[in-house]
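Time to open the notebook and look at a new structure. I'll jot down what I looked up, one entry at a time.

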Amino acid sequence: SLQERRQRNKAASAKYRAKKNHQYGEMRRMISSLTKENDLLLRQLDHVRRDNNRLKATCDKLRGKMLAEKILKKLLND
């Protein structure tokens with residue numbers, strides 16, 4: 001009957017809305033989780049970049065010292 005069809009349609013619509021609300025909630029949780037993970041990774045990247053720059057500076061200093069020692073040895077040997 002028409003009333004039964006309306007009742008089934010109403011139930012199907014409610015089920016569909018509930019499913020969509022659940023999916024929306026899952027997406028929000030996933031976005032929140034990924035945003036937190038992204039923030040953490042960005043902080044780690046910043047830390048690693050700073051370490052890398054510090055190590056590059058140390059290497060440059062050591063290269064300079066090695067070059068200076070090499071020049072000094074050459075001058076002393078001549």
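Predicted model: local features only at pLDDT ≥ 70, side-chain atom pairs only at ≥ 80, totals over all residues.

Entry 1: I started with Glu26 and looked up its accessibility. Glu26 counts as partly exposed because its relative accessibility is 39%, and that sits between the 20% and 50% cut-offs. Then I checked what Glu26 pairs with: its side chain meets that of Arg29 in a salt bridge, 2.8 Å from N to O. Both residues belong to helix H1, which runs over residues 2-77, and they are three residues apart, about one turn of the helix.

**Entry 2: another pair.** Which residue does Arg50 form a salt bridge with? I found Asp46, with the closest N and O atoms 2.2 Å apart. I looked up how open each partner is. Arg50 has 56% relative accessibility, so I wrote it down as exposed. Asp46 has 34%, so it goes down as partly exposed.

**Entry 3: one further along.** Arg63 and Asp60 meet in a salt bridge too, at 3.1 Å from N to O. They are three residues apart in helix H1, about one turn of the helix. Arg63 counts as exposed because its relative accessibility is 54%. My tally for the model comes to four salt bridges. A reminder for myself: side chains of opposite charge can pair when their charged atoms come close.

**Entry 4: charges overall.** I looked up the charged side chains and got 22 positive and 9 negative ones. The centres of the two sets lie 12 Å apart.

**Entry 5: a nonpolar patch.** Which residues make the nonpolar surface patch of about 340 Å²? I got Tyr24, Met27 and Ile31. Ile31 has its place in helix H1. With a relative accessible area of 54%, Ile31 is exposed, because the cut-off is over 50%.

**Entry 6: the whole chain.** I stepped back and looked up the overall fold: one helix and zero strands. The C-alpha trace spans about 110 × 15 × 5 Å along its principal axes. The radius of gyration is 33 Å, whereas a compact globule of 78 residues would have one near 12 Å.

How values were computed. Residues numbered from 1 in each chain as written. Heavy atoms only, no water. Helix = DSSP H or I, 4+ residues; strand = E, 2+ residues; numbered from the N terminus. Buried < 20%, exposed > 50% of the residue type's maximum accessible area, 1.4 Å probe, protein only. Patch = residues over 30% accessible without salt bridge, like charges linked within 9 Å, V, L, I, M, F, W, Y side chains within 5 Å. Areas by Shrake-Rupley, 256 points an atom, 1.4 Å probe, with all protein chains shown as cover. Rg over C-alpha atoms; globule rule 2.2 N^0.38 Å. Lys, Arg positive; Asp, Glu negative; His and termini not counted. Charge placed at Lys NZ, Arg CZ, Asp CG, Glu CD.
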